[in-house]
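Let's take a look inside a protein and then follow one of its helices. Keep the 3D view open while you read.

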Amino acid sequence: MKELFKLSYSKIKEGLGKGDFSSVDLVNSYYDRIDETQSKIKAFLETNREKATNQAKVSDERRKSGKTVSEFDGIPIAIKDNICVSGEITSCSSKILENFRSPYDATVISRLKDKGFIFLPRTNMDEFAMGSSTENSAFQTTTNPFDTTRIPGGSSGGSAAAVSAGMVPIALGSDTGGSIRQPASLCGIWGLKPTYGRISRYGLVAYASSLDQIGPFSNDIQGVVDLFSVLNGRDERDQTTVIGKQFSSANVKQKSWKGVKVGVMSTKNASDWSPSVLKKYEDMKKNLEKEGAILKELDFSVFSYSIPIYYLIATAECSSNLSRFDGIRYGLRVEGSSGKLEDLYVESRSKGFGDEVKRRILLGTFSLSSGYYDAYYGKAQKARVMIRKQYDSFFKEVDVILQPTSPTTAFKIGEKTKDPIQMYLADVLTTSVNLAGVPAISCPAGVDENGLPIGMQLTTSHFEEESLLSFASSLAQLPDTTITLPSQIQ
């Protein structure tokens with residue numbers, strides 16, 4: 001049973017259902033894999049084999065007695081370190097919350113527990129989800145399983161790397177400006193950012209509340225479909241959740257591309273894209289045309305403002321959300337030498353937050369300050385409406401939009417840490433989706449000449465996850481899209 005970690009999510013689900021192996025067998029296989037690869041990948045901040053094994057034993061007993069709680073009973077899942085699990089540390093990979101134990105479960109965790117999933121918390125991340133490489137963690141830098149000298153993407157890099165390395169078949173992440181899709185692309189797996197409001201954010205430590213969204217990673221498309229079916233839905237504890245269009249996983253099926261209107265972008269100004277990503281995108285467009293799809297070039301010029309709009313709104317919201325970490329209510333407390341309350345605030349936050357978090361708090365505080373609010377934050381919100389209207393206009397003309405997820409494959413660790421602007425531009429193809437609140441998925445699309453994964457992003461209109469996931473399933477049938485996940489970690 002040692003090689004179970006190599007199975008796809010679908011094969012795991014099928015094997016458990018048939019009794020080919022037990023949940024304990026699965027958990028042991030994954031923990032053996034974690035023991036083998038964690039020192040190189042550093043995907044997890046903490047692993048509790050005993051607790052996970054005990055959960056698996058209980059699941060196996062339910063299955064033996066015919067009392068399984070769902071078809072997913074006994075499947076392991078990894079959880080990003082900013083999603084609250086009762087009794088577990090939820091640190092957001094930050095010194096300021098290093099010892100904070102959550103007193104409650106996030107709604108997504110409650111829903112997973114109800115279905116019998118086995119938890120493998122906690123995966124590493126950029127501190128408070130601020131970053132695109134998982135180099136901003138206060139504790140360790142996660143590496144890419146395809147090349148451990150390179151980044152896995154971020155901020156959900158720990159979850160993506162864990163799935164890619166075979167440490168777990170599925171995982172949860174959060175996506176504020178591409179933090180699920182970009183690492184999914186760079187690690188060669190599937191990653192979904194749902195419509196804003198589809199999945200409850202209750203229990204997700206907030207970065208930018210109007211942009212954050214929890215979503216799944218998986219080593220195959222079925223894992224994304226199943227996790228979304230479990231997690232989506234109204235939650236009375238999160239008033240931003242909406243009912244929208246009902247989702248049924250049974251309606252997610254491969255589609256013929258014949259007659260499908262696919263929106264594409266011009267590559268004339270794609271000078272920042274790596275040649276391998278550009279070639280893959282052009283090849284995929286040709287393959288879609290061969291399958292009968294109708295390609296329509298869309299005008300993405302408005303989206304060139306996405307990065308400044310995103311960073312003004314996100315940093316402003318982060319400045320507000322992170323003001324609660326003051327050294328008094330919870331988290332790190334550092335007494336000032338003078339004994340004054342102000343010094344306690346300053347010392348606790350100075351020593352608790354990392355450089356990138358401080359940078360974004362400063363930028364957000366400035367844009368919200370008197371005399372600058374209308375000039376920066378106010379204008380950014382107006383421009384955000386422009387982005388959403390552009391998407392609404394697009395979906396009157398096309399059924400789905402195809403773009404690369406990332407303009408490049410995974411870059412070297414340390415390559416962009418000294419230039420924040422270059423790091424921010426890693427999200428140039430993903431932030432507009434969050435600003436508009438539409439759903440998008442990153443799909444594996446083959447590898448470059450160095451064997452590094454390339455991902456393609458599909459986007460549909462609000463609440464059209466059934467269509468989105470059907471298109472994603474169909475995209476996987478095109479030539480040269482298969483990525484073999486690494487069994488040997490170099």
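How many cavities of 30 Å³ or more does the structure hold? There are 3 of them. Keep in mind that this is a predicted model.

The largest cavity has a volume of about 50 Å³. Its lining divides into 4 nonpolar, 6 polar and 2 charged residues. Among the residues that line it are Ala129, Tyr207, Arg360 and Asp427.

You'll find Ser132 in the loop between strand E2 (118-123) and helix H5 (157-164). Is Ser132 buried or exposed? Its relative accessible area is 1%, under the 20% cut-off, so Ser132 counts as buried. Leaving aside neighbours within four places in sequence, Ser132 is in contact with residues including Asp126, Gln182, Met423 and Asp427.

Now hop over to helix H8, at residues 275-290. Its 16 residues reach 23 Å from the first C-alpha to the last, close to the 22 Å expected at 1.5 Å a residue. The buried residues of H8 include Val277, Tyr281, Met284 and Leu288, and also Lys280 and Lys285. Here are the elements among what covers the buried residues of H8:

| Element | Residues |
|---|---|
| strand E6 | 261-265 |
| strand E7 | 294-298 |
| strand E8 | 400-404 |
| strand E9 | 440-447 |
| strand E10 | 453-459 |
| helix H15 | 465-475 |

Just after H8 comes Gly292, with a positive phi of about 100 degrees.

Note on methods
Residues are numbered from 1 along each chain as its sequence is written. This is a predicted model: local features need pLDDT of at least 70, side-chain atom pairs count only at pLDDT 80 or more; totals for chains, interfaces and linings use all residues. Side-chain values use heavy atoms; hydrogens and water are left out. On a 1 Å grid over the protein atoms alone, a cavity is a set of points where a 1.4 Å probe fits but cannot get out, and a pocket is an open set with protein on both sides within 12 Å along at least five of seven lines; lining residues have an atom within 4 Å of a point. Grid points are joined across faces, edges and corners, and a volume is the space filled by probe spheres set on the points. Ala, Val, Leu, Ile, Met, Phe, Trp, Tyr, Cys and Pro count as nonpolar, Asp, Glu, Lys and Arg as charged, and the others, Gly among them, as polar. Helices (H or I, at least four residues) and strands (E, at least two) are DSSP runs, numbered from the N terminus. The expected span of a helix is 1.5 Å times one less than its number of residues. Buried means under 20% relative accessible area, exposed over 50%, partly exposed in between (1.4 Å probe, protein chains only). Contact means heavy atoms within 4.5 Å.
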